[in-house]
Amino acid sequence: MKFVIQRDQLINSVQNVMKAISSRTTIPILTGMKIEASDEGIKLTGSDSDISIESFIPSEEDGIVYVENIEPGNIVLQAKYFPDIVRKLPQNTVEIESDHSRNVTIRSGNAEFHLNGQDPEEYPQLPQLHTEESFELPIDLLKNLIRQTVFAVSTSETRPILTGVHVKLDDGHLEFIATDSHRLASRKIPLEQPEGKSLPAVVIPGKSLTELNKILDDSEDTIEVSVTDNQVLFRTKHLYFLSRLLDGNYPETSRLIPDQSKTIVKIDTKELLQSVDRASLLAKENRNNVVRLVTKEDNHLEITGNSPEVGNVVEEVMANDVDGEDLKISFSAKYMMDALKAVDYDQVKVEFTGAMRPFLIRPVDDNQILQLILPVRTY
């Protein structure tokens with residue numbers, strides 16, 4: 001195998017593929033990165049058996065040549081060393097060559113590295129998903145869906161199913177839902193589907209979606225999502241991202257969402273976010289950094305943070321509108337801030353159903369983004 005490649009393209013692909021490679025894998029060959037050269041271009045593969053990522057660098061695209069002098073072949077290189085070598089090479093082009101005894105030479109400018117390769121035949125084949133069950137959506141929309149929900153997945157393994165995001169497509173709507181049983185984040189978008197086509201609801205590990213979000217560039221291009229029994233595939237022009245799905249039944253979350261509210265507060269998102277942030281500064285001592293919100297006369301809210309050993313903070317915030325019963329409620333500042341950051345609108349409406357009931361946060365004129373938080377009992 002032999003080829004000469006643009007270093008920048010190679011670095012990008014290597015960084016993407018590295019997100020799937022773990023040093024703690026039970027299969028030794030998976031600590032390596034597979035490189036395949038063909039006349040079309042170079043394909044890099046990394047996997048930890050939960051997530052697999054393939055990145056393709058075409059030999060030429062739109063008249064720009066990225067890879068030349070290709071002699072087809074494949075090899076597996078130690079992922080522990082290869083990325084650092086590539087990153088520190090002196091020139092803009094890199095020549096990579098392997099001989100019959102799997103010795104690999106990497107040349108750039110006056111630098112020459114020799115690495116021992118491993119047998120590519122031992123590298124597990126990635127399943128090629130051929131499935132009818134797929135849909136397409138713009139990449140930037142998918143990134144938004146992930147960003148607005150994935151932070152709410154559970155980090156505890158006691159209920160593994162809650163460490164994933166519940167994705168379902170029916171009635172022409174695609175919905176992402178995440179909950180750790182103290183809060184819930186959901187985002188729904190209309191998605192045109194061919195007549196009579198629906199997808200099985202699946203639970204995608206939060207970790208996989210976080211990695212996918214890091215790899216995808218913001219772009220208007222579309223990404224294809226395909227689902228089988230136990231895996232989901234995200235595919236763009238040059239990227240193939242495969243993740244296992246979580247087994248089990250996701251809890252029915254719709255019954256958690258209160259259908260009527262006693263107090264509704266409409267307020268500027270940024271203002272509420274910043275004042276909760278300030279109130280939490282002195283509440284860091286206790287693990288949940290709890291802040292308290294009390295409704296006052298004339299659309300004012302009082303937000304306080306208190307920690308007996310440190311001190312307290314009191315701030316009045318002007319809401320655009322406060323409607324309904326008076327209210328005193330305490331909640332985790334972190335949950336509140338995460339939820340407000342996920343809402344991409346200037347104005348939010350917060351709907352309370354009493355001091356001990358979950359409350360909802362959504363944009364004033366958009367019902368497709370929903371955040372729910374359980375209050376904290378402090379009285």
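Start with the aromatic rings: searching the whole structure turns up three aromatic pairs. Select phenylalanine 234 and phenylalanine 241, which make an edge-to-face pair with 6.2 Å from centre to centre and 70° between the planes. (Rings of Phe, Tyr and Trp, the last by its six-membered ring, pair if their centres lie within 6.5 Å; planes under 30 degrees apart are stacked, over 60 edge-to-face, and the rest tilted.) Phenylalanine 234 is buried at 3% relative accessible area, and phenylalanine 241 is buried at 0%. Here buried means under 20% relative accessible area, exposed means over 50%, and partly exposed is in between, using a 1.4 Å probe and protein chains only. Next, pick Phe331, Phe352 and Phe359, and you'll have one aromatic cluster on screen.

A quick word on what you're looking at: this is a predicted model, where local features need pLDDT of at least 70 and side-chain atom pairs count only at pLDDT 80 or more, while totals for chains, interfaces and linings use all residues. Residues are numbered from 1 along each chain as its sequence is written, and side-chain values use heavy atoms, with hydrogens and water left out.

Now zoom out and colour by domain: domain 1 is 2-122, domain 2 is 136-250 and domain 3 is 257-373, with bounds from an automatic or database domain assignment. The centres of domain 1 and domain 3, taken over C-alpha atoms, are 50 Å apart.

On to salt bridges, where a side-chain nitrogen of Lys or Arg is within 4 Å of a carboxyl oxygen of Asp or Glu. The whole structure has 18 of them. Click on arginine 87 and aspartate 84, whose closest N and O atoms are 3.0 Å apart. Both sit in helix α2 (residues 82-87), three residues apart, or about one turn of the helix. (Helices, H or I with at least four residues, and strands, E with at least two, are DSSP runs numbered from the N terminus.)

Then show Lys2, Glu95, Glu97, Arg107 and Glu112, which are linked in a network of salt bridges. Within it, arginine 107 and glutamate 112 meet at 3.2 Å, N to O.

Which residue does aspartate 344 meet in a salt bridge? Its partner is arginine 147, at 2.7 Å from N to O. Aspartate 344 lies in the loop between α6 (333-342) and β26 (347-352) and arginine 147 in helix α3 (residues 139-147), so the pair ties together parts 197 residues apart in sequence.
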